[in-house]
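Dear colleague,

Please find below the structure that I am handing over to you. My notes on what was found in it follow directly after.

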Amino acid sequence: MPTFLAAVAVDHSSVLLALFVMLAAAKVMAEICERLRQPAVVGEILAGVLVGPSVLGWVAPSELIGIFAEIGVIFLLFTVGLETKPRAILQVGRRALAVAVLGVVLPFAAGYLIAIWWDGSLVEALFIGAALVATSVGITARVLGSMGLLELETSRIILAAAVIDDILGLVILSLVSAVRQGSVSYAGLAKTAGAAILFTVFVAVVGSRSMTRLAPWVERLRLDKPFFTIGLLLCLGLSFAAVYVGVAAIIGAFLAGMALAEATEERDRMHRMTSGVMEFLVPIFLVNIGMQLNLGVFKDTSVVVLAVIVTVVAVITKFIGCGLGAFGMSRRERAQVGVGMVPRGEVGIVVAQIGLGLGVISDGFFAAVLFMAVGTTLIAPPLIKLLYSQDIDQDGTEDVIRETDVSDSYSRIG
């Protein structure tokens, strides 16, 4: 066999082995967590820590695995969007805006002050603040989806606030990067933010009406499973468009699902057909988060202390800020919203990696942010399940799940 072909074959086999190990570990750890009455998402992230470089070293993060993980979270948010009707999101718009704004201001200020207190530079402090701003709604959505509670008002507030949060986070990250380069273009920032807002509003309002009207026409196409095909194209197309206008791809995927949410019969079929893809790709996304955590850097006691402080502050500021934003709701509902916005996940990791790539944050700060991102992602699911347990007890778990017709890919998460 020629050398080139041999190298390709080895690469292919190593990728297949990595995916096998990641998926098997995710399912084993998910089963253990289920038996311990914890959300399976916790087990899937811990599986990443276990098989990753920090412990067993069986699988290492790579660009290709990152692509699989990105596609996984795109399909996750697409499926969540299918359960979220635009009208329901617009009904909680004002409250979601307050949740998002307070959930950005407090964490950013706290992260900035911690970095300054820890003798960080101005730019370093700005990047730490930006990392604490991020919210990974994919984790919360997965837990709420497994419980069949995506229709609750607090769930809708969390989803809407996460979209606004992403736009605000984009502006802050752009501002911080501009400060690093020594020049700030406020016109450019306004243009980017305006494009992101217009894109989000246009798709949410116009997209849903258009797809509802087009649904009967789509079903008359001679393609095999036409609505499913159009749905996939819409998901991938809007994901790319979201990146093009400057927001995360998962926002485009979420909006694509929302655009199809009103077409009830076709939406239910879409759920069933995407369940297999979800069962494969979403665990890869969660395991990849766990693999990012390098436990070796925590041999330094000062890094451990910094990581714990950053994590505790990240939890408290999001919880308090977002909880205060949920004005007019009961104390338990405010707590639900606050906890639902806590996970930072891959979004916080990406911000930290940008700062490290620009050479503006130290390895210690990077490790602390990485720990915070994984830590908040692990802390949130059990708290979400605890705070929402009363909603399940009141309505009955089986009835809620049946009414929302959550896809099979959610059914074993807890």
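Which residues make the nonpolar surface patch of about 700 Å²? In this predicted model, the patch is formed by Leu102, Leu106, Val304, Val308, Val312, Ile316, Phe319, Ile320 and Leu324. Two helices, α5 (93-117) and α13 (301-325), each contribute at least two residues to the patch. Helix α13 gives the most, with seven residues. Phenylalanine 319 belongs to helix α13, and its relative accessibility of 34% places Phe319 in the partly exposed class.

The salt bridges come next. Three were counted.

- Lysine 27 and glutamate 279 meet through their side chains, at 2.4 Å from N to O. Because lysine 27 is in helix α1 (residues 3-35) and glutamate 279 in helix α12 (residues 264-291), this pair ties together parts that are 252 residues apart in sequence. Lysine 27 is partly exposed, at 30% relative accessible area, and glutamate 279 is partly exposed as well, at 32%.
- Arginine 95 and glutamate 153 form a salt bridge with an N to O distance of 3.1 Å. Here too distant parts of the chain are linked, since arginine 95 lies in helix α5 and glutamate 153 in helix α8, 58 residues apart. Glutamate 153 is partly exposed, with 32% relative accessibility.
- Glutamate 31 pairs with arginine 35, and their closest N and O atoms are 3.1 Å apart. These two residues are four residues apart in helix α1, so about one helical turn separates them. Glutamate 31 is partly exposed at 26% relative accessibility, whereas arginine 35 is exposed at 68% relative accessible area.

The residues that line the cavity are Leu77, Val137, Leu159, Ala162, Val163, Ile250, Ile251 and Phe254. By class, the lining consists of eight nonpolar residues, with no polar and no charged ones. Helices α8 (153-181) and α11 (249-260) each supply at least two of the lining residues.

One further position may be of interest. Is glycine 231 buried or exposed? Glycine 231 sits in helix α10 (residues 226-245) and is buried, because its relative accessible area is 0%, below the 20% cut-off for that class. The C-alpha atom of glycine 231 is separated by 9.7 Å from that of methionine 211, which is 20 residues away along the chain.

With kind regards

Terms used
Residues are numbered from 1 along each chain as its sequence is written. This is a predicted model: local features need pLDDT of at least 70, side-chain atom pairs count only at pLDDT 80 or more; totals for chains, interfaces and linings use all residues. Side-chain values use heavy atoms; hydrogens and water are left out. Patches are made of residues with over 30% relative accessible area and no salt bridge: like charges are joined within 9 Å, nonpolar side chains (Val, Leu, Ile, Met, Phe, Trp, Tyr) within 5 Å. Accessible areas come from the Shrake-Rupley method with a 1.4 Å probe; for residues, only the protein chains shown count as cover. A salt bridge is a side-chain nitrogen of Lys or Arg within 4 Å of a carboxyl oxygen of Asp or Glu. Buried means under 20% relative accessible area, exposed over 50%, partly exposed in between (1.4 Å probe, protein chains only). On a 1 Å grid over the protein atoms alone, a cavity is a set of points where a 1.4 Å probe fits but cannot get out, and a pocket is an open set with protein on both sides within 12 Å along at least five of seven lines; lining residues have an atom within 4 Å of a point. Ala, Val, Leu, Ile, Met, Phe, Trp, Tyr, Cys and Pro count as nonpolar, Asp, Glu, Lys and Arg as charged, and the others, Gly among them, as polar.
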